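The following report goes through metal sites, secondary structure and backbone geometry in turn. Please keep the sequence and coordinates at hand while reading.

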Amino acid sequence: MFKAKAYSAAGATSPLAFKMIQRRDTTEHDVQIEILFCGVCHSDLHTVRNEWSSIMPTVYPCVPGHEIAGRVTKVGSAVTKFKPGDLAGVGCLVDSDHTCPSCKADLEQFCPNGTFTYNSPDKHLGGVTYGGYSDSIVVDERFVLRVPSNLNLAGVAPLHCAGITTYSPMRHWGVGKGKKVGVVGLGGLGHMGVKFAHALGAHVVVFTTSAGKKEDALRLGADEVVVSRNADEMKKHAGSIDFILDTIAADHDLNAYIHLLGRDGNLTLVGAPETPFAVGGFGLLFGRHSLSGSLIGGLAETQEMLDFCGSHNITADVEIIPIQKINEAYERMLKSDVKYRFSIDMASLKDK
Ligand SMILES: [Zn+2]
Ligand SMILES: [Zn+2]
């Protein structure tokens with residue numbers, strides 16, 4: 001084992017603070033990575049504050065972070081995909097059972113025995129896994145991603161969660177040329193959704209509650225922007241959209257969006273409000289509309305997404321922060337006061 005610098009929370013109401021943690025020595029299939037940037041995801045905050053205690057209670061100390069980008073420093077003897085010096089990324093998963101039907105279908109995110117990057121039982125060291133708010137991590141090479149060298153690394157980090165979360169459902173539901181796509185909400189997830197839908201060749205309509213985001217939505221690749229409170233603007237799109245990506249994690253009316261779907265149109269949720277949705281049956285019956293959800297993506301698709309980003313020059317729009325500003329960043333994230341993702345510069349961890 002070796003020691004790594006990290007930021008961790010000691011309890012649900014404690015701020016994140018500096019702590020030394022243990023990492024395992026690289027076994028034959030492991031890759032050791034020096035973390036250079038780590039994106040800040042809403043899941044980090046939920047976990048740190050134990051807000052998902054009913055499904056995944058938080059074990060403390062908690063080191064969050066699953067949008068990891070860095071450089072390989074060491075590889076195990078059986079590693080074939082990486083060598084020291086390579087750029088590398090890690091997302092929400094660091095292991096799975098490799099034998100279940102989901103794993104066999106390259107959908108490791110649905111593995112019943114998967115290991116999340118943080119707050120999951122750690123098979124190697126006991127306790128729970130520690131995530132990317134740290135200067136290093138050791139991960140099985142099957143869960144390490146190749147990062148295209150032409151991209152800005154601070155903006156690459158969020159692709160490992162926000163990127164794949166929005167890319168995967170678009171691929172699944174056939175977003176491409178000739179399709180009209182709606183993106184609801186323009187935050188960390190939504191802004192990636194706009195970039196991907198645009199790059200995949202679709203006609204992109206952004207739905208937002210704030211008229212102030214119009215300019216930015218167009219800059220990110222939207223063809224049209226609708227202020228969702230404006231009933232007339234909404235009505236113009238009734239029955240016309242092939243696929244809607246709904247990124248809103250707060251309570252909102254789904255029926256208004258289902259109404260915008262064309263025949264066989266689909267609305268996919270990637271956020272999960274606390275209260276259940278009220279969905280009218282007729283809105284689904286007419287037009288054979290469907291409502292579904294999506295959760296990150298498998299390793300192969302995550303690699304495909306990163307390669308797609310490399311060839312289309314796509315990264316997340318980030319505000320780079322030193323790790324010492326992480327608690328402040330959480331408060332700002334709650335107010336949506338970030339365009340559009342915080343990315344922690346781990347060089348700041350060097351002086352503690
Ligand atoms: Zn995330
Ligand atoms: Zn599995």
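What arrangement do the four donor atoms around the zinc ion (ligand 2) make? The angles that they subtend are 98 to 118°, which makes the arrangement tetrahedral, a term applied to four donors if all angles lie between 85 and 135 degrees. For comparison, the ideal angle for four tetrahedral donors is 109.5 degrees.

This is a predicted model, in which local features need pLDDT of at least 70 and side-chain atom pairs count only at pLDDT 80 or more, while totals for chains, interfaces and linings use all residues. Residues are numbered from 1 along each chain as its sequence is written, chains are lettered from A and ligands numbered from 1 in the order in which they are written, and side-chain values use heavy atoms, with hydrogens and water left out.

**Zinc sites**

The table lists the donors, meaning N, O and S atoms within 2.8 Å of the metal (3.2 Å for Na, K and Ca); water is not among the atoms, so sites may look incomplete.

| Ion | Protein donors | Distance |
|---|---|---|
| zinc ion (ligand 1) | Cys 41 (SG), His 66 (NE2), Cys 161 (SG) | 2.0 to 2.2 Å |
| zinc ion (ligand 2) | Asp 97 (OD), Cys 100 (SG), Cys 103 (SG), Cys 111 (SG) | 2.0 to 2.3 Å |

Along the chain, the donors of the zinc ion (ligand 1) follow the spacing C-x24-H-x94-C. This site links distant parts of the chain, since His 66 lies in the loop between α1 and β4 (68–75) and Cys 161 in the loop between α3 (153–156) and α4 (162–172), 95 residues apart. Both His 66 and Cys 161 are buried, that is, under 20% relative accessible area, where exposed means over 50% and partly exposed in between (1.4 Å probe, protein chains only). For the zinc ion (ligand 2) the spacing is D-x2-C-x2-C-x7-C, and its donor Cys 103 is buried at a relative accessible area of 9%.

Glu 67, in the loop between α1 and β4, is buried with 0% relative accessibility. Leaving out residues up to four places away in sequence, Glu 67 touches residues including Cys 41, Cys 161 and Arg 341, where contact means heavy atoms within 4.5 Å.

**Helices and strands**

Helices (H or I, at least four residues) and strands (E, at least two) are DSSP runs, numbered from the N terminus. In helix α11 (residues 326–334), the residues Ile 326, Ala 329, Tyr 330 and Met 333 are buried. They cover an arc of only 105° around the axis, which puts them on the same side of α11; the arc is taken from the directions from the helix axis to the C-beta atoms. Their cover includes β1 (2–8), α1 (42–48), β16 (318–322) and β17 (341–345).

Strands β11 (residues 203–208) and β12 (residues 224–227) pair in the parallel sense over four bridges, pairing being assigned if DSSP finds at least two bridges between two strands.

**Backbone geometry**

Most residues other than glycine have a negative phi, and most peptide bonds are trans. A cis peptide bond joins Tyr 60 and Pro 61, with omega about 0°, and another cis bond, with omega about -15°, joins Lys 339 and Tyr 340. Positive phi values occur at Asn 119, near 60°, and at Ile 296, about 30°. Asn 119 is buried, with a relative accessible area of 15%, and Ile 296 is also buried, at 9% relative accessibility.

Methods:
Tetrahedral: all angles 85-135°; square planar, octahedral: opposite > 155°, others 65-115°.
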